[in-house]
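Open the model in your viewer and keep the selection tool at hand. The stops below are meant to be taken in order.

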Amino acid sequence: MSTAKGPALQLTPKPEVVTWPETHYVYLEKIGPFQDTAPQAWQEVHKLIPAISEHNKITGYTSLYKVGPKIYRAGVSIAAEPQNLPQGLQYTKFKGGKYSRFVLTGPYSNLPEASGRVFQMVSDQKIQTRDDFNIENYANDPRTTPESQLITQILIPTA
């Protein structure tokens, strides 16, 4: 019996160490298993995008998450401190810092597997981490980019 296998995961095997800049970040936070909370949080955020961009310049789409306490934040970076945010959104000035950046090319549906692989590589490569949010930065627009060419940066806070 043969098992169908999809295309191999396109994920960088070694991270690049980068400095994530201080960021004005507007988000919706959910607590619980990511497979439930992440899609739900993004659906809600996407509905609020027109209201956010009415008074703020959106500069990127990013999630921040902590695995231990299962905290997931779906949100957008904005150019300056927010003005007139829709109800339910929170704001923080995310301090950024040093991160190990892995890059996934392909559909967002590969993110659970890619994230698992990244955490395994961090362990295998003995990368020193610090207690802070992990970042998924969605580098291109899924409305105009073919799924196979979507770029997601997975950043792990590095000591």
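Which residue lies over the face of tyrosine 99? Select arginine 130, which sits over that ring at 4.9 Å from its centre. A second case of this kind is lysine 66, placed over the face of phenylalanine 133 at 5.0 Å from the ring centre.

Before going further, colour by confidence, since this is a predicted model. The average pLDDT of the chain is 94, and 96% of the residues score at least 70. Residues 1-5 fall below 50, and apart from near neighbours in sequence this stretch has 0 contacts in the model. Where pLDDT is low, the predicted coordinates should not be read in detail.

Next, show the aromatic rings. The structure holds 6 aromatic pairs. Tyrosine 25 and tyrosine 27 are one of them, stacked with 5.4 Å between centres and 15° between the planes. Both tyrosine 25 and tyrosine 27 are buried. Now select tyrosine 108 and tyrosine 138, an edge-to-face pair at 5.4 Å centre to centre with 70° between the planes. Tyrosine 108 belongs to the loop between β7 (97-105) and α2, and tyrosine 138 to strand β8, so their pairing ties together parts that are 30 residues apart in sequence. Tyrosine 108 is partly exposed because its relative accessible area is 26%, whereas tyrosine 138, at 11%, is buried. To finish with the rings, select Phe34, Tyr65 and Tyr72, which form one aromatic cluster.

Stay with strand β8 (residues 134-138) and pick asparagine 137. Is asparagine 137 buried or exposed? With a relative accessible area of 13%, asparagine 137 counts as buried, the limit being under 20%. Its side chain makes a polar contact of 3.2 Å with the side chain of threonine 62. Show the surroundings of asparagine 137: leaving aside neighbours within four places in sequence, its contacts are Trp20, Tyr61, Thr62, Ile151, Thr152, Gln153 and Leu155.

The last stop is helix α2 (residues 111-124), where valine 118 is found. Valine 118 is buried because its relative accessibility is 0%. What does valine 118 touch, not counting residues up to four places away in sequence? Select Leu11, Phe102, Ile154 and Ile156 to display these contacts. Then draw a C-alpha to C-alpha distance from valine 118 to lysine 14: the two are 9.3 Å apart in space and 104 residues apart in sequence.

Notes: Residues are numbered from 1 along each chain as its sequence is written. This is a predicted model: local features need pLDDT of at least 70, side-chain atom pairs count only at pLDDT 80 or more; totals for chains, interfaces and linings use all residues. Side-chain values use heavy atoms; hydrogens and water are left out. Helices (H or I, at least four residues) and strands (E, at least two) are DSSP runs, numbered from the N terminus. Buried means under 20% relative accessible area, exposed over 50%, partly exposed in between (1.4 Å probe, protein chains only). Contact means heavy atoms within 4.5 Å. pLDDT is the predictor's confidence in each residue, from 0 to 100. A polar contact is a pair of N or O atoms within 3.5 Å; within protein, one must be able to donate a hydrogen and the other to accept it, and residues adjacent in sequence count only if both atoms are side-chain atoms. Rings of Phe, Tyr and Trp (its six-membered ring) pair if their centres lie within 6.5 Å; planes under 30 degrees apart count as stacked, over 60 as edge-to-face and the rest as tilted. A charge sits over a ring if NZ of Lys or CZ of Arg is within 6 Å of the ring centre and within 35 degrees of the ring normal.
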